[in-house]
Amino acid sequence: PRRPRRAADLPGPRTCARRRGCATMEGNLALKTPSLTRRLPALCAVMFCLGAGLEYVMCKTGFYNVTAVREGQRAAAEKAEEEEFWSRVRARRESRQAQVTIRSE
């Protein structure tokens with residue numbers, strides 16, 4: 001009868017160093033931790049080029065022009081709605097004032 005394997009029975013970093021024939025690589029064959037300071041300039045250069053390319057495409061396709069036109073249309077529509085609202089308020093006030101005003105004839 002085999003007992004089920006537990007996490008403590010599995011080869012880990014501590015047990016591999018003690019056992020022979022374990023698959024842990026040491027020395028020149030060991031996995032090295034990546035150096036951020038070595039890769040950071042290349043990462044910055046790649047990100048800069050991607051950003052520049054994106055800006056170039058957006059300028060060439062007229063994205064900013066379309067966006068500016070849509071913003072202007074939206075602002076004009078909001079202004080028209082606001083003017084219509086206040087004209088209705090003024091008309092309502094005038095009609096109420098006309099009802100309340102006592103006529104002296």
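This is a short walk through one predicted protein model, from its overall make-up to a few surface details.

Let's start with the whole chain. The protein chain has three helices and zero strands. Read from the N terminus, the order is α-α-α. How much of the protein chain is buried? Of its 105 residues, 3% count as buried.

Next, helix α2. Helix α2 covers residues 36–61, which is 26 residues. At 1.5 Å a residue, helix α2 should span 38 Å. The C-alpha atoms at its ends are 36 Å apart, so the two values agree.

Then comes helix α3, residues 63–100.

Stay with α2 for its surface. Leu36, Leu40, Leu43, Val46, Met47 and Leu50 form a nonpolar patch there. Together these residues have about 580 Å² of accessible area. Take one of them, leucine 50. Leucine 50 sits in helix α2. Is leucine 50 buried or exposed? Its relative accessibility is 54%, and the cut-off for exposed is over 50%. Leucine 50 therefore counts as exposed.

Now helix α3, and charges. How many salt bridges are there? The count comes to one salt bridge. The partners are glutamate 71 and arginine 74, whose side chains meet at 3.4 Å, N to O. Both residues lie in helix α3. They are three residues apart, about one turn of the helix. Why does that spacing matter? An α-helix has 3.6 residues a turn, so residues three or four places apart point the same way. Side chains of opposite charge can then pair when their charged atoms come close.

How open is this pair to the outside? Glutamate 71 has 46% relative accessibility, so it counts as partly exposed. Arginine 74 also has 46% relative accessibility, and arginine 74 counts as partly exposed. Buried would need a value under 20%.

One more surface feature. Which residues gather in a patch of negative charge? They are Glu78, Glu81, Glu82, Glu83 and Glu84, and the patch is on the surface. One of them, glutamate 83, has its place in helix α3.

To close, a recap. We have three helices, a nonpolar patch that includes Leu50, a salt bridge between glutamate 71 and arginine 74, and a negative patch that includes Glu83.

How values were computed
Residues numbered from 1 in each chain as written. Predicted model: local features only at pLDDT ≥ 70, side-chain atom pairs only at ≥ 80, totals over all residues. Heavy atoms only, no water. Helix = DSSP H or I, 4+ residues; strand = E, 2+ residues; numbered from the N terminus. Buried < 20%, exposed > 50% of the residue type's maximum accessible area, 1.4 Å probe, protein only. Salt bridge = Lys/Arg side-chain N within 4 Å of Asp/Glu carboxyl O. Expected span 1.5 Å × (residues − 1). Patch = residues over 30% accessible without salt bridge, like charges linked within 9 Å, V, L, I, M, F, W, Y side chains within 5 Å. Areas by Shrake-Rupley, 256 points an atom, 1.4 Å probe, with all protein chains shown as cover. Lys, Arg positive; Asp, Glu negative; His and termini not counted. Charge placed at Lys NZ, Arg CZ, Asp CG, Glu CD.
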